[in-house]
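Please read the following alongside the sequence and the coordinates.

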Amino acid sequence: MNLQDIKNNLNPFNAVMRIYGILKLPAMTMKEIGIYKKILMSFPAEQPIRIFEYGMGFSTLYFEEFLREQRRKFHIDSIDNNRQWYQKVGRMIDDRGLKEAVTLHLKEFVPFWEKPGWDWNTMPSCGQFAPHEKSEIDYIEWPLRLQKSYDVVVIDARFRRRCLMAALRSVNPQGFVILHDAQKPHYHDPVALYRYSRFLDSGRYFPFQCQRYQMWLGSIANPAVNQIAEEFEP
């Protein structure tokens, strides 16, 4: 084990993420999980909930299980760009017999940190690694290609600014868009396109963690965004 591996093992965030993985919890703070559940339960009981996720994982399985426990009808479309992760999540979906409730989609492209010019020590200029390849554009616009109107769009993966813009055309007017890691300023420009828009402090993963996280909620025409935000941040 080298020095970097030792540092990673001692990193409290990495330790928490390992525990989350063992417990099959989504990579969300407990407050974020509560907000997401509140959004899902805000829809009428008889309404099937249509969800699109940019970025599949334990959150897909966790909220699928929550909706089943609540006896809610739903369908999740979830997309990723990493084949190995897509296959791993696919096996978990198969093992749980969830193929009818969850559809996984794969659009492969090279992550930005493997592209020429990437430097871990330097913040790239805005647009330096913007999507240009067809596979990248397909990934962003995939919910539009499916020609569905979604009640919830969750953005927690690549090209989040562009996905926020695409979500405007794939979420129904009364639906919700959720942006994870919304504390990063370079994601913020498209939120002005939503009539209802709220940033929420989503807390920390462990006590005394220096970095606080934010979650953003938006809707084209549903003022319940404000009601939900005020319930969690009175």
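Helix H6 (residues 134–145) has 12 residues, but its end C-alpha atoms are only 13 Å apart, short of the 16 Å that a straight helix would reach at 1.5 Å a residue. The expected span is 1.5 Å times one less than the number of residues in the helix. Helices (H or I, at least four residues) and strands (E, at least two) are DSSP runs, numbered from the N terminus. The model is predicted: local features need pLDDT of at least 70, side-chain atom pairs count only at pLDDT 80 or more, and totals for chains, interfaces and linings use all residues. Residues are numbered from 1 along each chain as its sequence is written, and side-chain values use heavy atoms, with hydrogens and water left out.

The buried residues of H6 are Glu 136, Asp 138, Tyr 139, Ile 140, Trp 142 and Pro 143. Buried means under 20% relative accessible area, exposed over 50%, and partly exposed in between (1.4 Å probe, protein chains only). These residues pack against strands S1 (49–54), S2 (74–80), S3 (102–106) and S4 (150–155), and against helix H7 (160–170); contact means heavy atoms within 4.5 Å. After H6 comes Gln 147, whose phi is positive, near 55 degrees.

H6 also carries charged pairs. A salt bridge is a side-chain nitrogen of Lys or Arg within 4 Å of a carboxyl oxygen of Asp or Glu. Asp 138 forms one with Lys 134 (2.7 Å, N to O). Being 4 residues apart in H6, Asp 138 and Lys 134 are separated by about one helical turn. Asp 138 counts as buried at 7% relative accessibility, whereas Lys 134 counts as exposed at 62%. Asp 138 also forms a salt bridge with Arg 145, the closest N and O atoms being 2.7 Å apart. Arg 145 is partly exposed, with a relative accessible area of 41%. Salt bridges that share partners join Lys 134, Asp 138, Glu 141 and Arg 145 into one network.

Next, the sheet. Its 7 strands form an open sheet with mixed pairing, in the order S3-S2-S1-S4-S5-S7-S6. The edge strands, S3 and S6 (196–203), each pair on one side only. Two strands pair if DSSP finds at least two bridges between them. Helix H3 (residues 30–40) lies across S1, S4, S5 (171–179), S6 and S7, at about 15 degrees to S7, and helix H5 (residues 83–95) lies across S2 and S3, at about 165 degrees to S3. Axes are lines fitted to C-alpha atoms, for helices over the stretch in contact, and angles run from 0 to 180 degrees between N-to-C directions.

Strand S7 (residues 213–219) pairs with S6 in the antiparallel sense over 7 bridges, and Ser 197 stands opposite Gly 218 in S7. S5 and S7 pair in the antiparallel sense over 3 bridges; the bridge partner of Ile 178 is Leu 217 in S7. Of the 7 residues of S7, 6 are buried, so the strand is largely enclosed by the rest of the structure. Ser 219 is found in S7 and counts as buried at 1% relative accessibility.

The structure holds 15 salt bridges. One of them links the side chains of Glu 65 and Arg 96 (3.5 Å, N to O). Glu 65 lies in helix H4 (residues 58–69) and Arg 96 in the loop between H5 and S3, so the pair ties together parts that are 31 residues apart in sequence.
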